[in-house]
2 protein chains.
Amino acid sequence: MPQHLRRVAKQPSVQRLPAYLRLIKELRDLGEEAVSTTYLAELLDLQPIIVRKDLSVTGIVGRPRIGYDVGELVAAIETYLGWDQVRDAILVGVGHLGTALLGYHGLDDYRLRVRAAFDTNPALAGQSVHNCPVYPWDTAPSFVSAHGIQLAILTVPASAAQAVADTLAAAGIRAFWNFSPVKLHLPPSVVAHQEDLTAGLGVLSLKLRLLLASEPGE
Amino acid sequence: MPQHLRRVAKQPSVQRLPAYLRLIKELRDLGEEAVSTTYLAELLDLQPIIVRKDLSVTGIVGRPRIGYDVGELVAAIETYLGWDQVRDAILVGVGHLGTALLGYHGLDDYRLRVRAAFDTNPALAGQSVHNCPVYPWDTAPSFVSAHGIQLAILTVPASAAQAVADTLAAAGIRAFWNFSPVKLHLPPSVVAHQEDLTAGLGVLSLKLRLLLASEPGE
């Protein structure tokens with residue numbers, strides 16, 4: 001991956017933008033026209049200065065004592081993240097995690113449209129999971145090239161992930177959202193984001209340890 | 001939550017510690033005795049200086065041209081995160097995401113032992129999911145207090161999350177690993193970590209947008 005893309009991926013601010021977007025859209029749906037830094041900071045457990053810094057990457061600045069224009073801010077975050085247009089995707093691996101993701105409303109909110117899911121289990125082919133059709137895995141490459149799909153969600157076992165990614169990259173996939181616990185080796189023309197379901201457990205365990213340590217012993 | 005715990009939660013370094021631990025344990029299992037900063041940086045797509053900074057929170061420093069002692073580093077990270085002893089937990093909400101988590105081997109690796117799962121669906125009670133027994137939700141409070149459980153994984157629908165958390169906190173739960181897309185309001189004596197399954201999608205979408213923008217048009 002090019003160096004400037006690596007740097008982007010490490011920015012915690014980018015990882016927080018979806019949470020801001022969700023909050024701000026809720027305000028918009030309630031008819032609010034402006035939102036203050038303080039309000040966002042409070043709800044997201046952040047310092048106000050961090051909120052201002054995070055949102056500044058989108059190019060929008062707030063006005064003193066008024067805050068941000070809700071409509072402008074939604075548009076700016078969506079444009080920055082490339083969520084201003086619907087993006088088609090496929091999902092590979094219709095196990096429990098894949099099924100959970102297909103039912104996750106967050107994907108619609110972010111204009112990700114999962115057009116089809118694929119699995120090697122013949123019993124799943126022809127089924128529909130959360131309104132998404134499931135097809136045999138060996139038809140995935142032709143589906144990807146026929147529909148010009150660029151993004152794939154991988155919820156396959158670790159042992160299968162690299163082979164699946166190689167096949168899909170050859171068929172035209174440019175971005176992998178990888179939930180398999182294995183780091184993918186990909187050509188420079190393809191990007192990936194590795195999910196780690198246990199990263200949050202580290203934070204929580206540490207908080208619990210510090211909490212218990214701060215209490216008087218019995 | 002006390003201020004010093006809030007600050008901890010925002011540290012990206014803490015969020016990366018589980019990934020370091022996984023890699024270093026793999027090396028240990030292969031019989032390696034030392035690991036270099038450069039090696040860890042390469043595999044995790046980070047700058048070497050970030051690796052040194054991340055690992056310094058555990059109190060361990062590497063030696064020039066040798067690197068870190070693998071055994072010491074495993075012990076230091078585990079102690080720092082409070083993973084040096086087995087921690088009992090329960091899981092509430094045995095839908096697809098809950099089932100996927102119960103089958104996730106990462107939990108064992110981090111000494112989290114899910115003793116029981118709970119669900120309001122009577123058809124699930126008495127079943128065993130990935131070797132974890134499932135009981136009726138209304139028996140959860142007595143299980144928590146009888147076994148002194150401190151950590152709960154929440155994979156319930158958003159509409160149920162706050163009520164479930166209130167009930168469990170009253171029964172003695174001190175830490176919530178919350179996969180429901182809702183921010184919990186909890187007393188100061190309880191900590192939580194909110195998972196956001198879509199945070200990674202923002203990073204990936206931005207990478208894909210920058211990748212495509214860096215290519216010559218057709």
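Two residues are taken to be in contact if their C-beta atoms, placed from the backbone, lie within 7 Å. The legends below describe a predicted model.

**Figure 1. Helices α8 and α9 of chain B pack against each other.** The residues of α8(B) that meet α9(B) are B:A140, B:P141, B:V144 and B:S145. On the side of α9(B), the partners are B:T167, B:L168 and B:A171. By class, this contact of α8(B) with α9(B) comprises five nonpolar and two polar residues, with no charged residues. Helix α8(B) covers residues 140–147 and α9(B) covers residues 158–171; their axes come within 8 Å and cross at roughly 30°. Because angles under 35 degrees count as roughly parallel, α8(B) is roughly parallel to α9(B). The crossing of α8(B) past α9(B) is right-handed.

**Figure 2. Helices α8 and α9 of chain A form a packed pair.** The axes of α8(A) and α9(A), the latter spanning residues 158–171, are 8 Å apart, and the helices pack at an angle of about 30°. That angle makes α8(A) roughly parallel to α9(A). The two helices cross in a right-handed sense. From α8(A), the contact draws on A:A140, A:P141, A:V144 and A:S145, while α9(A) supplies A:T167, A:L168 and A:A171. Five of the residues in the contact of α8(A) with α9(A) are nonpolar, two are polar and none is charged.

**Figure 3. Helices α3 and α4 of chain A cross.** Helix α3(A), residues 37–44, and helix α4(A), residues 48–56, have axes that come within 8 Å and cross at roughly 105°. Since angles of 65 to 115 degrees count as roughly perpendicular, α3(A) is roughly perpendicular to α4(A). The contact involves A:T37, A:T38, A:L40 and A:A41 of α3(A), together with A:P48, A:V51 and A:R52 of α4(A). By class, the contact of α3(A) with α4(A) has four nonpolar residues, two polar residues and one charged residue.

**Figure 4. Chains A and B meet at an interface.** Each side is represented in the contact, with 50 residues from chain A and 50 residues from chain B. On the side of chain A that touches chain B, two or more residues come from each of α1 (3–9), α2 (12–29), α6 (96–102), β8 (175–178), β9 (191–194) and α10 (199–213). Helix α10(A) gives the most to this side, with 13 residues. The chain A residues that touch chain B divide by class into 30 nonpolar, twelve polar and eight charged.

**Figure 5. Chain A is assigned two domains.** In the domain assignment, domain 1 of chain A runs over residues 3–81 and domain 2 over residues 87–194. The C-alpha centres of domain 1 and domain 2 of chain A lie 29 Å apart.

Figure 6. The mean pLDDT of chain A is 88, and 94% of its residues reach 70 or more. Within chain A, confidence is highest in helix α8(A), residues 140–147, at a mean of 98, and lowest in α1(A), at a mean of 56. Where pLDDT is low, predicted coordinates should not be read in detail. For the model, the scores are ipTM 0.82 and pTM 0.80.

Key: Residues numbered from 1 in each chain as written. Chains lettered and ligands numbered in written order. Predicted model: local features only at pLDDT ≥ 70, side-chain atom pairs only at ≥ 80, totals over all residues. Axes fitted to C-alpha atoms, helices over the stretch in contact; angles between N-to-C directions. Helix = DSSP H or I, 4+ residues; strand = E, 2+ residues; numbered from the N terminus. Parallel < 35°, antiparallel > 145°, perpendicular 65-115°, else oblique. Left-handed = near helix turned anticlockwise from the far one by under 90°. Nonpolar A, V, L, I, M, F, W, Y, C, P; charged D, E, K, R; others polar. Domains from an automatic or database assignment. pLDDT = per-residue confidence, 0-100.
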